[in-house]
Amino acid sequence: MIDWTPVVFVTFKVLIFGTCMFFAIKWHYDQGKKGANKRALWLTGGKVAAAFMLALVCVVLFTFTLASKLGLDLNMP
């Protein structure tokens, strides 16, 4: 029975990701047909980039804080 577990999970994953990708591409295609406001597009892109950079900095700081609290050696050779 355990031999079928990866087959079932991989098949499920492929079906779910395939369905999600189809609807994501369809949604973006439909949005492109409407015509987008360039200013709003750049503003939204900037906000997403800023949020990503903030999240990246938070993850890095959390990782180094946790590593130093656990006593890991963080010195470069």
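Here are some friendly notes on the structure above, which is a predicted model.

1. **Overall build.** Start with the secondary structure: the protein chain has two helices and zero strands. Its radius of gyration is 21 Å, well over the 11 Å that the globule rule gives for 77 residues, so the chain is more spread out than a compact globule.

2. How much of the chain counts as buried? Of the 77 residues, the figure is 1%. The protein chain exposes about 7600 Å², and carbon and sulfur atoms supply 77% of that area.

3. The partners are lysine 26 and aspartate 30, whose closest N and O atoms are 3.2 Å apart. To find them, look in helix α1, which covers residues 5-34. Both residues lie there, four residues apart, and that spacing is about one turn of the helix. Lysine 26 counts as partly exposed because its relative accessibility is 41%. Aspartate 30 is also partly exposed, with a value of 30%.

4. **An aromatic pair.** Here, too, the count comes to one. The rings belong to phenylalanine 22 and phenylalanine 23, with their centres 5.2 Å apart. Are the rings stacked or edge-to-face? Their planes stand at 70°, so this pair is edge-to-face. Phenylalanine 22 has 52% relative accessibility, so it counts as exposed.

5. As a reminder, a disulfide is a covalent bond between the sulfur atoms of two cysteines. Cysteine 20 has a relative accessible area of 47%, so it is partly exposed. Cysteine 58 is partly exposed as well, at 45%.

6. **A nonpolar surface patch.** Next, colour the nonpolar side chains and look for Phe52, Met53, Leu56, Val60, Phe62, Phe64, Leu66, Leu70, Leu72 and Leu74. Together they form a nonpolar patch on the surface, with about 1000 Å² of accessible area. One member, leucine 70, is found in the segment after α2, a helix that runs over residues 38-69. Leucine 70 counts as exposed because its relative accessibility is 63%.

7. Pick alanine 50, which is found in helix α2. Its relative accessible area is 46%, so alanine 50 is partly exposed. How far apart are alanine 50 and tyrosine 29 in space? From C-alpha to C-alpha the distance is 25 Å, and in sequence they are 21 residues apart.

8. **Putting it together.** As you look again, keep the two helices in mind, along with the 1% of residues that count as buried. Then revisit the salt bridge between lysine 26 and aspartate 30, and finish with the nonpolar patch, whose members include Phe52 and Leu74.

Note on methods:
Residues numbered from 1 in each chain as written. Predicted model: local features only at pLDDT ≥ 70, side-chain atom pairs only at ≥ 80, totals over all residues. Heavy atoms only, no water. Patch = residues over 30% accessible without salt bridge, like charges linked within 9 Å, V, L, I, M, F, W, Y side chains within 5 Å. Areas by Shrake-Rupley, 256 points an atom, 1.4 Å probe, with all protein chains shown as cover. Salt bridge = Lys/Arg side-chain N within 4 Å of Asp/Glu carboxyl O. Buried < 20%, exposed > 50% of the residue type's maximum accessible area, 1.4 Å probe, protein only. Rg over C-alpha atoms; globule rule 2.2 N^0.38 Å. Phe/Tyr/Trp six-rings, centres within 6.5 Å; stacked < 30°, edge-to-face > 60°.
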